[in-house]
Amino acid sequence: MNWTTDDTWIALTGALCALACSLPGCFLVLRKMSMMGDAISHAVLPGLAIAFLVTGDRASLPMFLGAAATGVLTAVFTQWITRFGNIDQGAAMGIVFTTLFALGLILIVQAADHVDLDPGCVLYGAIEFITFDTVRLGGWEIPRAAVVNGGALLLNLVVIATLYKELRLSSFDSGLADTLGFSSGLLHYLLMTLVAVTTVAAFESVGSIIVIAMMIVPPAAALLLTRRLLPMLLISSGIATASAVLGHWMALVLPPLIGFERTNTSGMMAFTAGLLFTLAWIFSPSEGLLKRYTAGAISESGSYPNP
Amino acid sequence: MPTLHDILSTVLLQSYNTRIVVLGTAMLGLASGITGAFLLLRKRSLMGDALSHATFPGIGIAFAVMVSAGGSGKDLLGLLTGATISGVLGVLCMLAIRNTTRLRDDVAMGFALSVFFGTGAAVYAMVQTKPGAAGLESFIYGKAASMVFSDVVMISVVGILVTGTALLLLKEFMLLCFDEDFAASTGWPVLRLDILLLVLVTAVTVTGLQAVGLILIIAFLIIPPTAARFWTNSLRRMLVLSGAIGAMSGWLGASVSALFANLPAGALIVLTAAAIFLFSMLFGSARGVILKLLDQAKLQRRIGRQHLLRAAYEILETMGQPVSNQPIPRQELLEHRSWSNAELSRLLSQARHEDHIEPGTGADTSLIHLSESGFGEASRITRNHRLWELYLITHAEIAPSHVDRDADLVEHILGAEMVRALEAELKPRPAIPSSPHRIPSRSSSSSAT
């Protein structure tokens with residue numbers, strides 16, 4: 001294995017992206033909306049297409065704004081259908097994102113005469129190539145993806161730190177939050193905006209696989225290790241960082257071992273996150289499989305009595 | 001633009017290609033509509049999404065295995081087997097997470113989706129360097145428009161198998177969907193039924209993936225059942241309707257795409273299904289939004305009318321016994337309850353339309369005169385209210401000071417039968433009992449009974 005500066009940048013960018021995604025991801029998991037990252041990353045297609053059709057070029061900013069706006073719309077439509085139609089949130093999410101994606105496909109076909117706006121490339125930004133696209137920042141050549149994801153992380157940190165108390169309350173007891181005078185509806189849309197912006201920033205620069213995986217897997221693993229929000233955020237951040245760094249290392253080490261030339265770094269990062277989750281699942285000191293089977297806490301039907 | 005002749009020949013399936021695509025998507029819509037209905041009821045609608053992503057590593061691994069065994073690697077059956085195995089593994093992984101941790105279905109599905117998909121991307125990138133790997137993805141993820149006869153045969157076989165199994169085990173699956181814990185406690189093999197149901201879903205998903213592609217099969221598993229849910233509260237009818245909506249979206253969408261050759265058929269079918277969903281959500285006869293709003297408005301009107309007439313009667317009571325129908329000062333009516341001026345005006349004009357108020361008095365006059373029928377209705381409503389209050393006090397032991405509010409909560413839905421039962425219960429009483437409590441009013445001095 002030959003670890004270069006590029007590899008450091010890739011691991012670092014991956015870690016920034018994983019952190020940025022796992023922070024709002026914790027709240028999504030707590031609110032039983034963990035599929036939102038997946039839904040948004042599919043649903044932004046029409047936003048990209050419209051931004052392109054309006055501006056006529058592939059400049060980042062309009063595309064970014066179009067995508068983020070569609071991401072927020074996904075959350076709004078999901079909320080409407082859930083509330084007015086009185087149906088399951090997952091189903092509402094599925095309806096919204098498949099419809100928006102289909103709409104996006106049709107718009108893209110309309111635009112395809114002019115440009116290579118390929119849905120495949122929308123879904124797979126590639127973390128391997130980030131070092132080809134750099135910006136100068138204070139005398140340093142920094143990959144643009146690192147700046148974008150760092151910015152997303154900073155935004156998440158600021159918003160979550162400022163509204164920590166409110167977000168915590170509305171995630172665990174939205175009724176109480178409303179009674180106490182925080183608008184849990186407003187917080188919901190704020191969180192969704194955060195998720196949309198993070199998702200778009202991340203998948204545009206490093207691909208959707210990392211986004212979807214890091215919004216769900218590290219928070220889920222952290223939830224197996226603690227029942228408190230602050231430790232959950234911290235543990236989830238740790239797992240996210242470890243997944244990214246170890247993932248890239250495994251992407252370099254693993255393929256030669258089993259007779260292949262190379263692999264996909266984002267995919268390996270998701271795979272590593274899955275491995276870390278499995279470790280937490282087995283070895284969690286409070287509720288891991290090991291502890292449960294040795295303590296005989298598994299009820300006969302195989303389901304765990306909810307606390 | 002397509003001519004009328006084009007439209008007719010497409011809708012009537014006169015071209016062979018159109019016939020194949022329409023038949024295939026309609027069959028798939030039927031099968032996935034039925035399986036999706038169970039997913040919706042189990043709140044697992046995104047299962048199709050998770051599953052179709054979870055098939056990804058299986059395809060890459062199957063390809064690698066077939067290549068190292070000396071084959072071409074692009075054997076459809078082999079790839080589909082790989083996809084199915086990895087899809088089933090994803091499902092098992094999801095069920096294991098759900099059944100052995102505190103994490104819920106959505107997290108379990110998200111885990112299976114993202115980790116399997118990521119692993120798939122890693123595997124796919126590894127096998128990419130093998131000869132013949134190019135186009136592997138499009139080979140497995142089909143497009144509705146490029147469907148061929150063998151696809152239709154396969155969809156039909158899978159569709160019939162899945163539908164048949166679902167119908168044979170309908171009772172068991174219903175129990176699983178509506179009360180899993182009860183099913184478990186009465187000894188049904190809940191876990192095995194759950195796995196079987198998800199295997200059916202896997203079969204539909206993998207077939208659909210290969211025939212029509214990712215986004216359409218996800219939509220097919222979610223949209224038709226959700227649309228059907230707005231029209232009925234019975235599972236059997238929902239299954240039929242869901243299958244029909246799926247088939248209809250396939251047929252309509254595929255027909256439209258045959259007319260506009262450059263638009264992707266899958267996307268058009270999704271949009272057709274979405275349009276049907278929107279229509280159902282608005283106009284559905286069981287849970288549609290408009291119906292619900294109308295019901296709510298009707299109830300609000302009824303409550304408003306009853307409040308107004310009772311207030312009028314209570315004021316008339318204070319004007320002298322025996323109660324007779326005299327003009328009531330509007331100001332007194334306004335002070336009797338916590339109405340705003342505008343609210344009272346609205347209620348009065350509504351009462352005017354219902355002929356409960358004499359013509360010539362109403363929203364704007366300072367004196368309100370109840371009509372003959374209004375006075376009758378007012379005494380009936382007041383009587384019902386008092387009877388109900390008395391019932392609550394004597395039989396439900398509600399304190400007289402609280403009874404007004406409690407009676408208010410239910411009296412608007414008091415049926416004639418219930419009133420007769422109460423009358424019998426509370427005999428002998430005067431025709432209109434006096435209020436068991438002080439009637440509160442903003443001009444508090446005059447309204448005690």
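## Contacts around A:Pro46

Two residues are taken to be in contact if their C-beta atoms, placed from the backbone, lie within 7 Å. By that criterion, and leaving aside its neighbours within four places in sequence, A:Pro46 is in contact with A:Thr70, A:Leu100, A:Leu103, A:Gly104 and A:Leu107 in this predicted model. A:Pro46 itself belongs to helix 3 of chain A, which covers residues 45-55.

Is A:Pro46 buried or exposed? A:Pro46 counts as buried because it has 23 C-beta neighbours inside 10 Å, where the cut-off for a buried residue is 20 or more.

## Chain A as a whole

Chain A is built from 14 helices and two strands, and its C-alpha trace extends over about 60 × 55 × 40 Å along the principal axes. The radius of gyration of chain A is 20 Å, which agrees with the value near 19 Å that a compact globule of 307 residues would have. Of those 307 residues, 51% are buried, and among the contacts between residues at least 6 apart in sequence, 70% join residues at least 24 apart.

## The hairpin and a loop residue in chain A

The two strands of chain A, strand 1 (residues 134-137) and strand 2 (residues 140-143), run antiparallel and are joined by four bridges. In this arrangement A:Thr134 stands opposite A:Pro143 of strand 2. The hairpin that the strands form has two residues between them, and A:Gly138 takes a positive phi near 60° there.

Most residues other than glycine have a negative phi. Against that background A:Asn86 deserves a look, as its phi is near 55°, a positive value in a residue other than glycine. A:Asn86 is placed in the loop between helix 4 and helix 5 of chain A, and it counts as partly exposed because it has 13 C-beta neighbours inside 10 Å.

## Chain B as a whole

Chain B contains 20 helices and two strands. Its radius of gyration is 32 Å, well over the 22 Å that the globule rule gives for 449 residues, so chain B is more spread out than a compact globule. Along the principal axes, the C-alpha trace of chain B spans about 105 × 60 × 35 Å.

Buried residues account for 46% of the 449 residues in chain B. Among the contacts in chain B with a separation of 6 or more, 70% are between residues 24 or more positions apart.

Helix 6 of chain B runs over residues 105-127, and at 1.5 Å a residue its 23 residues should span 33 Å, which agrees with the 32 Å between its end C-alpha atoms. How many of the residues of helix 6 of chain B are buried? The count is 23 of the 23, so this helix is largely enclosed by the rest of the structure.

Chain B also has a residue with a positive phi that is not a glycine, namely B:Asp355, at about 60°. B:Asp355 is found in the loop between helix 17 (341-353) and strand 2 (367-368) of chain B, and because it has 13 C-beta neighbours inside 10 Å it counts as partly exposed.

## Where the chains meet

The contact between the chains draws on 55 residues from chain A and 50 residues from chain B. On the side of chain A that touches chain B, helix 4 (60-85), helix 5 (89-111), helix 11 (208-225) and helix 13 (265-283) each supply at least two residues. Helix 5 of chain A gives the most to this side, with 13 residues. By type, the residues on the side of chain A that touches chain B comprise 33 nonpolar, 16 polar and six charged.

## Confidence in the prediction

For the complex, the predictor gives an ipTM of 0.89 and a pTM of 0.84. The mean pLDDT of chain A is 85, with 90% of its residues reaching 70 or more, although pLDDT stays under 50 over residues 298-307, for which the model has 12 contacts beyond four places in sequence.

In chain B the mean pLDDT is 84, and 90% of the residues reach 70 or more. Over residues 444-449 of chain B the pLDDT is below 50, and this stretch has 10 contacts in the model beyond near neighbours in sequence.

Terms used: Residues numbered from 1 in each chain as written. Chains lettered and ligands numbered in written order. Predicted model: local features only at pLDDT ≥ 70, side-chain atom pairs only at ≥ 80, totals over all residues. Rg over C-alpha atoms; globule rule 2.2 N^0.38 Å. Buried ≥ 20, exposed ≤ 12 C-beta atoms within 10 Å, placed from the backbone. Nonpolar A, V, L, I, M, F, W, Y, C, P; charged D, E, K, R; others polar. Pairing = 2+ DSSP bridges. Expected span 1.5 Å × (residues − 1). pLDDT = per-residue confidence, 0-100.
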